Amino acid sequence: MVGVICIVLPGCAGAGTETKANKPTAVARLSVAKVANGQVTVIEVDLRNEDPFTTGLKARFEQNEITLFQHPVKAQGIYCGLVGIPIGKKPQKTIIDLQWTDSEGRQHSQSMPLQIIEGNYKKEALKVAPKHVSPSPKDLQRIKAEKKKIGRIYASSNHNRLWYGNFVKPLTGNTTSVFGNQRLFNGELQSYHRGTDLRAKTGTPVYASNSGIVRLAQNLFYSGNIVIVDHGNGIFTNYAHLSKIQVRAGQHIARGDQIGLSGATGRVSGPHLHWGVKINGAYVDPMQFIVVISDLLLQ
Ligand SMILES: [Zn+2]
């Protein structure tokens, strides 16, 4: 990856702002410090020179806590975390906060600068059933309850790493609608597209992008039949508008396991697979996410 910046935390050689007794020697870096909304960047924190009893390492991006985990291919003591920039985020200079506690109970923190730039997203018009643009009061109740349920799931990713190796596209069809488009449903601007649409006629097998635990497998108002998979480390994938669900909530699955058949359930203009990726609270571009993980595994 290009544009790696390295931030030397207070106490590191060169920073010279703390006494040796404090000895915080972590080094944190962002894979890319200038990121478009809807994309992912990686934090890397090197604690190898810290004492082994360092605790409470935490990163936070605005309201979202970023799960930090042992780097998948680097030495023990090097941690990483994925930061997803919400699609609606305006271009701005912001920060990622990092905290940890040394063995003597002293807390340390550091802010890492991050610049958010505008992604190159377009508007697209879609024709769908009127009830999916102006839901009835009964449907609004249903939508509210479903949003709450999904919110709870996305807020509770498994702490263990459940994914191994690259994430793969859930089927081979070409992209028919990219992530991030602003969508006009029957002429009304309603939302950003929070996933990638893949061409698939009804009944095409859909495969899990990576291993994990199925957290939701049911019909929702907008998504139709959907499967949400928790991969641990704050990473979720979802598979929507299925004609048939072939897994159940709580089931452990491996990459490439068949989880359902594509279809046209929920708010759609025709059959396809909607594939979504949510990381630490933000939907991100699945195609860019695949590349970020692939780069992480190659380091
Ligand atoms: Zn979609």
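# Notebook: a look through a predicted model

**Entry 1: Asn181.** I began with the contacts of Asn181. Leaving aside residues up to four places away in sequence, Asn181 touches Tyr121, Lys122, Lys123, Glu124 and His193. This is a predicted model, so I keep that in mind throughout. Where does Asn181 lie? I found Asn181 in the loop between strand S12 (175-177) and strand S13 (182-185). A residue needs 20 or more to be buried. I also looked up Gln39, which is 142 residues from Asn181 along the chain. The C-alpha atoms of Asn181 and Gln39 are separated by 13 Å.

**Entry 2: the whole chain.** I noted 2 helices and 24 strands. Along the principal axes, the C-alpha atoms fill a box of roughly 65 × 35 × 35 Å. I then checked burial: 39% of the 299 residues are buried. For contacts with a separation of 6 or more, I found that 65% join residues 24 or more positions apart.

**Entry 3: two domains.** I looked up how the chain is divided. Domain 1 covers 5-117 and domain 2 covers 123-286. Their C-alpha centres lie 30 Å apart. How many residues of each domain are in contact with the other? I wrote down 15 residues of domain 1 and 16 residues of domain 2. On the domain 1 side, the elements giving two or more residues are strand S6 (64-66) and strand S8 (78-84). That side of domain 1 has 8 nonpolar, 6 polar and 1 charged residues.

**Entry 4: helix H1.** I turned to H1, residues 137-154. H1 has 18 residues and reaches 26 Å from its first C-alpha to its last. That is close to the 26 Å expected at 1.5 Å a residue. Why does H1 lie largely in the open? Of its 18 residues, the number buried is 1.

**Entry 5: helix H2.** I went on to H2, residues 286-298. Its 13 residues should span 18 Å at 1.5 Å a residue, and its end C-alpha atoms are 19 Å apart, which agrees. Which residues of H2 are buried? I listed Pro286, Phe289, Val292 and Ile293. Seen down the axis of H2, these buried residues fall within an arc of 110 degrees, so they line one face of the helix. On the other side of H2, I found Ser294, Asp295 and Leu298 exposed. What covers the buried residues of H2? The cover includes strands S4 (40-46), S15 (196-198), S23 (273-279) and S24 (282-284).

**Entry 6: two positive phi values.** I finished with backbone angles. Most residues other than glycine have a negative phi. Asn233 has a positive phi, near 60 degrees. I placed Asn233 in the loop between strand S18 (224-232) and strand S19 (235-242). Asn233 is buried, with 23 other C-beta atoms within 10 Å. His241 is not a glycine, yet its phi is positive, about 70 degrees. The place of His241 is in strand S19. His241 is buried too, with 26 other C-beta atoms within 10 Å.

Note on methods. Residues are numbered from 1 along each chain as its sequence is written. This is a predicted model: local features need pLDDT of at least 70, side-chain atom pairs count only at pLDDT 80 or more; totals for chains, interfaces and linings use all residues. Helices (H or I, at least four residues) and strands (E, at least two) are DSSP runs, numbered from the N terminus. The expected span of a helix is 1.5 Å times one less than its number of residues. A residue is buried if 20 or more other C-beta atoms lie within 10 Å of its own, exposed if 12 or fewer, and partly exposed in between; C-beta atoms are placed from the backbone. Two residues are in contact if their C-beta atoms, placed from the backbone, lie within 7 Å. The arc is that of the directions from the helix axis to the C-beta atoms. Domain bounds come from an automatic or database domain assignment. Ala, Val, Leu, Ile, Met, Phe, Trp, Tyr, Cys and Pro count as nonpolar, Asp, Glu, Lys and Arg as charged, and the others, Gly among them, as polar.
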